[in-house]
Amino acid sequence: MKQEHTLTVYSENQVGLLNKIAIIFSRRKINLESFNSSPSEIEKIYRFTIVVKETEEVVRNLVRQIEKIVDVFKVFNNTNDEIIWQQIALYKVPTSIIMKDAKVERLLRQFGANVVVIRNDYTVFEATGQDDEINNLLKELDKYGLIEFVRSSRIAIIKSSEGVHKQVLDMQKNDPRKSPINNEYLNSKSKIFQM
């Protein structure tokens, strides 16, 4: 059965990486519901948050394919109950309606919306939440002459995981490049390479 999965991909930010990931999805004719890219908590490591609606088996195959990309460190696959996630939405509403109707102000408070910009002709509000919360506020504001609406992609934190932070720190501690290479033949090269 298809359900929503959130893939969290940790990688280096290399040119062409996004294209490599997109090809994996397009070859399988899988639509991305949401895609977000941002720096992670580790310097030079980036985090891609990808949302798809697919079966568990298809998603497991996707994870294996994405992890084969050289620049990718780790991919986590989670369902909605395994993550904490939010989106942000911006709503543009005529200022005249907000000034006249107290119901709109109460509605915005009820949904926890904040004012971003107030102009004579329009006011922009922001609200964070999940799909239902954002869609419910959209339906309500549509009754009051909504001018424009935009929603961000999903950002998510995995509830039970340490992410890759600990793994990367362990890799850095155990980096073989930091310890000198001892080669018993280096000091006696003239003896070895004589003809």
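The following exercises, with worked solutions, concern a predicted model of a protein chain.

**Exercise 1. Overall description**

State how many helices and strands the protein chain has, and characterise its burial and contacts.

Solution. The secondary structure consists of seven helices and nine strands. Of the 195 residues, 35% count as buried. Among contacts with a separation of 6 or more, 78% are between residues 24 or more positions apart. The chain exposes about 13100 Å², of which carbon and sulfur atoms supply 51%.

**Exercise 2. Packing of two helices**

Determine how helices H4 and H5 are oriented to each other, and identify residues that meet between them.

Solution. Two packed helices are described by the angle between their axes and the distance between the axes. Helix H4 covers residues 102-110 and helix H5 residues 131-142; their angle is about 175°, and the axes lie 11 Å apart. Angles over 145 degrees count as roughly antiparallel. H4 and H5 are therefore roughly antiparallel to each other. On the H4 side, Val 104, Leu 107 and Leu 108 take part; they meet Leu 137, Glu 140 and Leu 141 of H5.

**Exercise 3. Salt bridges across the sequence**

Solution. Side chains of opposite charge can pair when their charged atoms come close. The structure holds nine salt bridges. Lys 2 is exposed, at 55% relative accessible area, whereas Glu 54 is buried, at 11%.

Glu 148 is partly exposed, with 45% relative accessibility.

**Exercise 4. The surroundings of Asp 121**

Which residue forms a salt bridge with Asp 121, and how far in space is Ser 96 from Asp 121?

Solution. Arg 119 forms the salt bridge, the closest N and O atoms being 3.4 Å apart. Arg 119 is partly exposed at 42%, and Asp 121 is partly exposed at 43%. Ser 96, in helix H3 (residues 95-100), is 25 residues from Asp 121 in sequence and 7.2 Å in space, C-alpha to C-alpha. Ser 96 is partly exposed, at 37% relative accessibility.

Key:
Residues are numbered from 1 along each chain as its sequence is written. This is a predicted model: local features need pLDDT of at least 70, side-chain atom pairs count only at pLDDT 80 or more; totals for chains, interfaces and linings use all residues. Side-chain values use heavy atoms; hydrogens and water are left out. Helices (H or I, at least four residues) and strands (E, at least two) are DSSP runs, numbered from the N terminus. Buried means under 20% relative accessible area, exposed over 50%, partly exposed in between (1.4 Å probe, protein chains only). Contact means heavy atoms within 4.5 Å. Accessible areas come from the Shrake-Rupley method with a 1.4 Å probe; for residues, only the protein chains shown count as cover. Axes are lines fitted to C-alpha atoms, for helices over the stretch in contact, and angles run from 0 to 180 degrees between N-to-C directions. Angles under 35 degrees count as roughly parallel, over 145 as roughly antiparallel, 65 to 115 as roughly perpendicular and the rest as oblique. A salt bridge is a side-chain nitrogen of Lys or Arg within 4 Å of a carboxyl oxygen of Asp or Glu.
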